[in-house]
Amino acid sequence: MAFHLNKSTEAFNEAKQYIPGGVNSPVRSFRGVGGTPPFIARAAGSRLYDIDSNQYIDYVGSWGPMILGHAHPAVVEALAQAVSNGTSYGAPTLLETTLAKLVQQAVPSMELIRMVNSGTEATMSVLRLARAYTKRSKIVKFIGCYHGHHDSLLVKAGSGAATLGVPDSPGVSDAVAGGTISVNYNDISALTEVFSQYGEEIAAVIIEPVAGNMGMVLPQEGYLAAVREITQRYGSLLIFDEVMTGFRVAYSGAQSVFGIKPDLTCLGKIIGGGLPVGAYGGRQDIMELISPAGPVYQAGTLSGNPLAMTAGITTLTLLSQTPGLYEKLAEKTKTLCAGIRAQGEKYGFTLQYHQLGAMFGMFFTDQPVYDYESAKQSDIGAFNTFFHAMLEQGVYMAPSQFEAGFMSAAHSEEDIAATIAASGYAFAKVAE
Ligand code: PLP
C-alpha cells in the first residue's frame with residue numbers, strides 16, 4: 001500500500017485538543033517542513049515504527065541520545081532490573097557516583113559533576129554558577145547556538161557583529177535578555193570587539209564547540225583556541241555546551257577533538273541513555289560553590305534518578321568498552337554523507353556536507369556555511385521537498401534544515417545503502 005499517515009493525522013488532530021500544537025516540544029510538530037508528524041508506536045535498533053505501520057531508518061535518535069540504537073538489549077535489561085528496585089528515592093545512591101565517575105574519566109575537565117534532568121537545566125544552572133563565581137552579570141552566546149529554553153539564553157541577536165540581547169520569545173523580560181550578548185559564530189573579531197567593550201562585566205562565554213542547532217556548523221581552525229584565550233585574558237569563564245556533542249563527536253566530546261579545556265561543561269542526551277538527564281561540571285574551585293558544598297542554590301526532586309543513572313551507566317560502559325565503536329560510527333557517517341553527495345551531484349546539486357564523528361549535517365546551498373547567516377542561505381523549499389521524499393521512502397531525518405543528523409551503532413551497511421538510494425529518489429523530486 002502507498003505511504004500514508006492516516007492514523008497519525010487523526011492522532012495529531014486529537015492531540016491538539018489537549019496539548020498546545022499537539023506536541024510537547026515544538027520541532028516535533030513538523031511546522032518547519034509542513035505535513036503531519038508520524039506518531040511513533042515503538043523503536044528498535046536503527047528503526048522507528050509508527051502507528052500507520054510505516055517503518056523508518058532513524059537519523060534523529062531522539063535528538064541525539066540513542067547512539068547505541070533504540071531499545072538496546074543491555075539498556076533494556078538494566079532498566080528492567082533497576083525498575084524493580086523502585087523508581088526514585090530522593091536520597092543518595094551508588095549509581096550517581098558511578099555515572100559521575102564515568103563522565104569524569106571521559107571528560108577530565110569536569111572535576112566535579114552535578115546531575116540534573118535536562119540540558120536546559122544544566123545550562124541554566126551553570127550560568128548562575130558562573131555569575132556567582134565571577135561576581136559579574138553578562139553572558140556571551142553565539143547567534144544560532146541553542147542551549148535550552150530558559151530566559152537568559154533564549155535570546156536572538158539583531159543585525160551587526162554584536163547586539164545586546166533582544167528576547168526571542170514573548171515572556172522573556174528585557175531585563176534578563178539584556179544581560180546576554182549575542183555574537184556571530186566563527187567570528188573572532190566580533191568577539192574581541194565585545195570583550196573590548198564589556199570584558200570586565202562578562203561572567204562567561206557559552207558555546208556549542210560544534211554547533212548543531214543551526215544545522216551542523218564546525219568551528220574554523222583556531223577559533224575555539226582564540227575563544228579560550230580571550231576568556232582567559234579577561235577573567236571570564238568558558239562554558240562548553242556539549243549537551244549534543246558530548247559522547248557524540250568522540251567519547252570524550254568536542255573538547256578532546258579540538259584540545260581545548262573549558263572551565264565548565266554541560267552535558268545531556270547520551271549520558272542519560274534515552275532517559276531524562278543533564279549534567280554540568282568543571283573546575284573544582286568553581287563547582288564547590290554549588291549547594292550544599294557552597295552557597296549557589298540548585299536542586300532537583302528527581303535529579304540523579306536511579307533509572308536515568310542506570311541507562312546512562314549502561315550506555316557509557318558499552319560505548320567505552322566496545323573496541324572501535326567510534327571509528328566505525330565515523331566511518332559509517334562519512335560513507336552516508338559521501339553517498340548522498342554523489343546522488344545529489346547526479347542531479348546537479350552542490351550542497352554543503354559537514355561531519356564529525358557520529359554527527360552530520362547538510363545544507364542546501366553551494367556556498368560555505370560557517371555561521372547562522374550563511375546557514376540561512378539554504379534553499380528551505382528544496383530541503384522540505386527532500387525531507388518529505390525521504391520520509392516517504394522510509395528515512396526519518398530531522399524535520400528542519402537547521403538541525404543535525406545522528407548515526408547510531410545500530411545502523412547497518414544495508415541501512416546506509418538504502419538511505420543513499422532513497423536520497424537519489426529525493427534529489428530527483430527536488431529537481432522536478
Ligand atoms: N544545549 C544543546 C547544545 C542542545 O542541543 C540542547 C537540546 O537540543 C540543549 C542544550 C537543551 O537540552 P534539553 O532539550 O535536554 O533541555
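Reader: How many other C-beta atoms lie within 10 Å of Trp 63?

Author: Before the answer, please note that this is a predicted model, in which local features need pLDDT of at least 70 and side-chain atom pairs count only at pLDDT 80 or more, while totals for chains, interfaces and linings use all residues. Residues are numbered from 1 along each chain as its sequence is written.

Trp 63 has 19 other C-beta atoms within 10 Å and is therefore partly exposed; a residue is called buried if 20 or more other C-beta atoms lie within 10 Å of its own, exposed if 12 or fewer, and partly exposed in between, with C-beta atoms placed from the backbone. Trp 63 belongs to the loop between β3 and α2, where helices (H or I, at least four residues) and strands (E, at least two) are DSSP runs, numbered from the N terminus. Ser 62 lies in that loop too, between β3 (55-58) and α2, and Ser 62 counts as partly exposed because it has 15 C-beta neighbours inside 10 Å. Most residues other than glycine have a negative phi, and most peptide bonds are trans. Another feature of the backbone is the cis peptide bond that joins Ser 291 and Pro 292, with omega about 10°; Pro 292 lies in the loop between α9 (284-287) and α10.

From here we can turn to Lys 269, which an unreviewed UniProt entry annotates as "modified residue: N6-(pyridoxal phosphate)lysine"; UniProt positions are given in the numbering used here, feature names are shortened, and annotations may be inferred rather than shown by experiment. Lys 269 sits in the loop between β12 (264-267) and β13 (278-282), and Lys 269 is buried because 26 other C-beta atoms lie within 10 Å. If residues up to four places away in sequence are not counted, Lys 269 touches Gly 64, Pro 65, Gly 119, Val 243 and Met 244, where contact means that the C-beta atoms, placed from the backbone, lie within 7 Å.

Val 277 lies in the loop between β12 and β13 as well, and Val 277 is buried, with 30 other C-beta atoms within 10 Å. Val 277 and Val 116 are 161 residues apart in sequence, and yet their C-alpha atoms are 5.8 Å apart in space. Leaving aside neighbours within four places in sequence, the contacts of Val 277 include Met 115, Asn 117, Gly 268 and Ala 308.

Around the ligand there are 16 residues, the closest being Ser 118, Gly 119, Thr 120, Gly 148 and Val 243; a residue is near a molecule if its C-beta atom, placed from the backbone, lies within 6 Å of it. Helix α4 (residues 119-134) gives the most to this shell, with three residues. The shell divides into four nonpolar, 10 polar and two charged residues, where Ala, Val, Leu, Ile, Met, Phe, Trp, Tyr, Cys and Pro count as nonpolar, Asp, Glu, Lys and Arg as charged, and the others, Gly among them, as polar.

Last, the domain assignment gives domain 1 (6-71 + 324-431) and domain 2 (73-321), with bounds that come from an automatic or database assignment. The centres of the two domains, taken over C-alpha atoms, are 25 Å apart, and 26 residues of domain 1 are in contact with 33 residues of domain 2.

How values were computed:
Two residues are in contact if their C-beta atoms, placed from the backbone, lie within 7 Å.
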